[in-house]
Amino acid sequence: MEDLPNGFLNYPKKRPGFESAGDEIRRHMSDAEFGKVQTDYLESQKRALRDGWRVPDESASEPGELHLFSERRDAVKWGVDRKYRAQDVRSYMRIPSAGAASSGPVFDFDELDRIAETDRRWSWLEINLGAIQNNIMAIKATLDPATLFMAVVKADGYGHGAVPCAKTALNSGADYLGVATVDEAMEIRQGGIEAPILILSEPPLASIPLLLGYNIMPSVATVEFAVKYAEAADSIGAKAPYHLKVNTGMNRVGVRHEAVVDFLQTISFHRALQLVGTFTHFATADVQDTMDFNLQKARFEDALADMRAAAFDPGIVHAANSAATIRHKDVHYDMVRPGIAMYGYFPCPETYGALNLLPAMSVKARITQVNQVPVGEGVSYGLVHRSNGFAKTCTVPIGYGDGLNRALSGRIDFIMDGRTYPQVGTICMDQCMFEVDIRTRSGIGRIEPQVGDEVIVVGEQGNAFVTIDQMADMLGTLSYEVMIAFGNSRMPKMYV
Ligand SMILES: *Cc1c(COP(=O)(O)O)cnc(C)c1O
């Protein structure tokens with residue numbers, strides 16, 4: 001390894017036993033073949049220099065034939081000796097068909113699209129659908145067998161991908177899907193899922209044709225919506241199924257609990273309306289004190305009794321989010337509506353350890369550069385972190401544009417090879433840095449981070465773990481917000 005004049009070390013270097021992509025290709029080729037590869041490569045470089053751009057290989061003479069470029073990709077795979085294997089590089093180009101006016105190279109965009117997203121940028125989410133299945137089964141094991149399960153997959157499945165999560169949930173015994181918006185429901189239908197979908201609050205009037213067309217059930221809380229919805233359904237000879245949302249104290253959306261019977265009497269003249277379910281939502285299912293929770297519960301049960309007394313069948317009765325599902329068996333009613341617990345997180349400290357939940361989301365990246373920063377020099381915007389001279393500063397391509405909140409700067413750890421390392425300096429939009437102390441320590445030896453090494457930003461390895469809950473605590477927010485920031489960012493999702 002060579003020390004460059006600016007104090008930076010020349011990376012990457014090979015580890016003992018490490019085989020680069022080039023080495024592997026070499027192993028599978030006779031000397032003659034390898035010689036030809038090298039000659040072809042030099043020739044192609046010369047042509048590229050001459051023409052100022054890559055040109056199709058003359059050997060690919062058939063019109064439309066895929067041109068196999070003679071260069072081999074290995075630089076991209078430096079140091080990545082665990083997950084990736086060497087690959088031949090295809091040119092991603094097609095020879096223009098005969099007769100077509102040709103000016104310059106023609107790319108095969110289907111081929112280009114096959115370059116994995118994790119090879120375009122070295123940060124990604126891993127979503128463990130097996131963990132989601134485990135979590136749903138763990139929750140279901142605590143329910144009466146007759147209790148229905150609504151899998152809440154709003155906000156793109158809390159950032160985990162709505163369609164794969166919905167499919168996993170239904171395969172794990174869920175009966176219903178809950179979303180927040182018409183678009184979310186449409187995406188699930190377009191993903192080929194036919195299970196009942198409920199939008200958890202009343203959508204705009206103008207979306208009614210979409211509800212009917214895509215077989216999506218709205219929550220209803222206003223007379224105007226109920227009537228317009230029923231008229232639209234009636235005009236095409238269809239029914240207008242809905243769930244009635246009851247406001248028992250959260251004061252967000254819903255028909256006020258004392259007014260439920262009045263409301264139903266006002267709209268019941270309409271023959272198309274079908275009351276499929278009645279539900280409420282708790283404002284304090286996740287706080288320790290249960291006084292307000294019990295008040296909401298009593299109001300809800302009074303409203304249900306009023307409905308039955310007035311001969312309205314409430315249909316499927318439901319109220320419990322994750323916290324209420326875990327803490328209060330007395331509000332399971334006909335169906336529960338867990339969200340966060342499905343994805344492996346406990347909604348509040350009172351529920352920690354109550355079930356065997358496995359977090360489904362991890363966040364990973366690879367080191368893109370390793371710098372030996374001279375003692376006293378700063379790192380990242382503002383140079384607020386200063387090098388002690390005994391550390392290698394490693395850059396990873398993940399930042400607040402990927403949901404890694406800037407307020408976490410200098411407060412979190414990353415995991416590599418089962419050990420934690422402190423993130424240092426300001427988190428940038430697209431990148432951030434962490435430090436590896438390179439002094440030899442007994443039992444550990446000297447740690448030499450390499451470009452391409454995998455880093456865990458959220459997840460666990462060996463005894464080391466970094467959780468979304470820890471980040472949420474530091475930020476004074478909920479795990480919900482942190483996971484959605486990662487999940488709904490530009491990072492690709494890899495399902496494992
Ligand atoms: C989001 C939501 C849920 C799920 O809440 P979790 O706390 O994630 O379990 C249930 N019901 C309604 C109405 C919701 O909006």
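## Pockets, a cavity and a helix pair

The lining of the largest pocket, sorted by residue class, comprises 18 nonpolar, 5 polar and 5 charged residues. This is a predicted model, and the pocket in question has a computed volume of about 570 Å³. Besides that pocket, this briefing covers the second largest pocket, with a volume of about 330 Å³, the largest cavity, with a volume of about 60 Å³, and the packing of helix H5 against helix H7, whose axes come within 9 Å.

**Largest pocket**

- Of the 28 residues that line the largest pocket, Lys154, Tyr158, Arg252, His281 and Tyr480 are the ones that lie nearest its centre.
- Three helices, namely H6 (154-158), H13 (322-327) and H15 (479-487), each supply at least two residues of this lining, and H6 gives the most, with 3 residues.

**Second largest pocket**

- The second largest pocket is lined by 19 residues, and those lying nearest its centre are Pro359, Met361, Ser362, Gly459 and Glu460.
- Strands S4 (123-127), S14 (361-366), S22 (454-461) and S23 (464-466) each contribute at least two residues to the lining of the second largest pocket, with the largest share, 4 residues, coming from S22.
- By class, the lining of the second largest pocket consists of 12 nonpolar, 4 polar and 3 charged residues.

**Cavity**

- The structure holds 1 cavity of 30 Å³ or more.
- The largest cavity is lined by Lys245, Val246, Asn247, Thr248, Gly249, Met250, Asn251, Arg252 and Val253, together with Thr280 and His281.
- In terms of class, 3 nonpolar, 6 polar and 2 charged residues make up the lining of the largest cavity.
- Arg252 and His281, which are listed in the lining of the largest cavity, are also among the residues that lie nearest the centre of the largest pocket.

**Packing of H5 against H7**

- Helix H5 (residues 129-140) and helix H7 (residues 162-171) have axes that come within 9 Å and cross at roughly 45 degrees, which means that H5 is oblique to H7.
- The crossing of H5 and H7 is right-handed, and the contact is made by Leu129, Ile132, Gln133 and Ile136 on the H5 side and by Pro164, Cys165, Thr168 and Ala169 on the H7 side.
- Sorted by class, the contact of H5 with H7 has 6 nonpolar and 2 polar residues, and no charged residues.

Key
Residues are numbered from 1 along each chain as its sequence is written. This is a predicted model: local features need pLDDT of at least 70, side-chain atom pairs count only at pLDDT 80 or more; totals for chains, interfaces and linings use all residues. Side-chain values use heavy atoms; hydrogens and water are left out. Axes are lines fitted to C-alpha atoms, for helices over the stretch in contact, and angles run from 0 to 180 degrees between N-to-C directions. Angles under 35 degrees count as roughly parallel, over 145 as roughly antiparallel, 65 to 115 as roughly perpendicular and the rest as oblique. A crossing is left-handed if the near helix is turned anticlockwise from the far one by less than a right angle, and right-handed if clockwise. Contact means heavy atoms within 4.5 Å. Ala, Val, Leu, Ile, Met, Phe, Trp, Tyr, Cys and Pro count as nonpolar, Asp, Glu, Lys and Arg as charged, and the others, Gly among them, as polar. On a 1 Å grid over the protein atoms alone, a cavity is a set of points where a 1.4 Å probe fits but cannot get out, and a pocket is an open set with protein on both sides within 12 Å along at least five of seven lines; lining residues have an atom within 4 Å of a point. Grid points are joined across faces, edges and corners, and a volume is the space filled by probe spheres set on the points.
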